[in-house]
Amino acid sequence: MTQLLRTQLDTDLESLIDTLPPHIRELLLVRDDVNELLEVVLDLGREPEARFLSESLVISSQEIAQADIDYVIDRVSTFGEDNRAGIERTLHRISAIRNRSGRVVGLTLRVGRAVYGTIRIIEDLVLSGKSVLLLGKPGVGKTTMLREIARVLADDALKRVIIVDTSNEIAGDGDIPHPGIGRARRMQVRLPALQHAVMIEAVENHMPEVIVIDEIGTGDDADAARTIAERGVQLVATAHGNTLDNLIMNPTLSDLVGGVEAVTLGDIEARRRGTQKTVRERRAPPTFDILVEIQGWNEVVVHEDVSDVVDRMLRGQPIAPQMRTVDELGRLQRAHAEAKVPALFNSGSQNGSARRDTPRRGWGIQTQDEQPDAVPLKAVSILPYGINKGKLMQAVRSVNAPVELVADLGKADMLLTTKNYYRRSTQALQLAEQRGKPVYVLRKNTLAQIQQFVQALVRKQSQDAQNKMEHSDAIDEAERAASMLEEGETKHVTLSPQAAFVRHLQHKVANDRGVYSSSEGREPNRHVVMYRR
């Protein structure tokens, strides 16, 4: 981060703190971690609260009076119909809570920062010219990433970029946009309900090559986005929802990924597919070619072909999205996630019915001992966090599961916790996620819940081991290719064409052996190519 950027951030923060009443401002300025400030919350009749990266705390015992709220209102811009205001030439957002008569009785002052370099993890996708949709929970950095995307496309790729800035969060408040968007142009929206109209106006009047939109949230917005995409303009946007399956199940926004409709098949086609006669299928081509689920600043899940992924999900077939991370040295790491069917679409008959694939008593789950041709299973090391160890050991012994309990996160293959503990987002949980350790969450710390988890774990291990045995030739081919690359005999090796699931196993071999891999070609000749790192 350059010194110029650091100065800009400091100045911006001061402008937000200057809007606060003096007795609150002074308490914040004396803190060493003031640069880590995220939000200040002022509610009438309550103590003021400050939220930092590491903690939230009450900063004064003096309750907020109406005069304190009016003091802030007088120093920021006018609140719009979305109850948001700002500070000119900054990215800060001030949101109001009103009583039934319309008087402001609460304020949330959120610090806005322009952070350069945040899109390295997906820069190749953005520069590909394809439309990209970003998903993620609030506060994960979607808008910050969107702002940097606009700057890179305008300044580095030299494209004509228009930002439809409904809430002024991307380019800041006032008539002059924040320098964080570079040479991109910004169109403000008078009323949130008119966002779709401004999107269309941007295309018709200003000939953009790229349109950037924060928060597509209504059916009208989705329709406008489709119209823009059909005119050949690249779209980069965010939408409500954390994952792709959330979006598919959202009747308002599912059109962004092609929409879903019920289709009645003929008897012959239904028998051929092995499904019921009524199935769910994608209605149209998706508006966005690529979908990115933002897990954190340095971790994303990428669905590179939205149409193919949605089709597979609706048919109950497994998907294996690309996982991308940036390590402490700034190196981009790519790997394919384990192929699985999202829970909402898991259906043995592939008829599209929503059934969660959660083990329950009476489902006839076979343990390792009960399977007639069971293969040896690799022991799994579990770190119980907030889980009763006695109950967990009882569940392990009841099915003779190959599970070992450990107390060190470094030795654990996974971490098992409860919903209560997971909500606290403790340092141990954050550390586990940073290290890429899978975190499994149980609703309750009961023996029944723990037994269900252990049984599901054994079943999954058995299926993985069986699949490896059935496709041993393809896996051996991938192992031989990895050895050739490690020994420097060649720069790349092309493997034999395989089905999607077998290719996933070969990608896993490549990842385990520390070599790159990608799938190339079209079905039925699609195959894996492995490269030396």
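Predicted model: local features only at pLDDT ≥ 70, side-chain atom pairs only at ≥ 80, totals over all residues.
1. Two strands count as paired if DSSP finds at least two bridges between them. Strand E23 and strand E24 (residues 527-531) are joined by five bridges and run antiparallel. Within this pairing, Ser-517 stands opposite Met-530 in E24.

2. The sheet as a whole is open and has three strands, in the order E22-E24-E23, with antiparallel pairing. Strands E22 (492-494) and E23 (516-520) each have a single partner strand, so they stand at the edges and one side of each has no neighbour in the sheet. From one strand to the next, the twist averages 20°.

3. The loop between E23 and E24 contains Pro-524. The peptide bond leading from Glu-523 to Pro-524 is cis, and its omega is near 5°. A student may want to check this bond by eye, since most peptide bonds are trans.

4. Which residues of the chain have a positive phi without being glycine? Asn-83 is one of them, with phi near 60°, and Met-207 is another, with phi near 50°. For comparison, most residues other than glycine have a negative phi. Asn-83 is placed in the loop between helix H3 (66-73) and strand E4 (84-86), and Met-207 in the loop between helix H6 (195-206) and strand E10 (210-216). Asn-83 has a relative accessible area of 24% and is partly exposed. Met-207, at 59%, is exposed.

5. The structure holds two aromatic pairs. In one of them, the ring centres of Tyr-385 and Tyr-421 are 5.6 Å apart and the ring planes are at 75°. Planes over 60 degrees apart count as edge-to-face, so this pair is edge-to-face. Tyr-385 belongs to strand E18 (residues 380-385) and Tyr-421 to helix H12 (residues 419-424). The two residues are 36 residues apart, and the pair links distant parts of the chain.

6. Helix H2 (residues 22-29) has Ile-24, Arg-25 and Leu-28 as its buried residues. These residues cover an arc of only 100° around the axis, so they are on the same side of H2.

7. Some totals for the chain complete the note. The secondary structure comes to 16 helices and 24 strands. The chain has 533 residues, of which 46% count as buried. Among contacts in the chain with a separation of 6 or more, 58% are between residues 24 or more positions apart.

Conventions. Residues numbered from 1 in each chain as written. Heavy atoms only, no water. Helix = DSSP H or I, 4+ residues; strand = E, 2+ residues; numbered from the N terminus. Axes fitted to C-alpha atoms, helices over the stretch in contact; angles between N-to-C directions. Phe/Tyr/Trp six-rings, centres within 6.5 Å; stacked < 30°, edge-to-face > 60°. Buried < 20%, exposed > 50% of the residue type's maximum accessible area, 1.4 Å probe, protein only. Arc of directions from axis to C-beta. Contact = heavy atoms within 4.5 Å.
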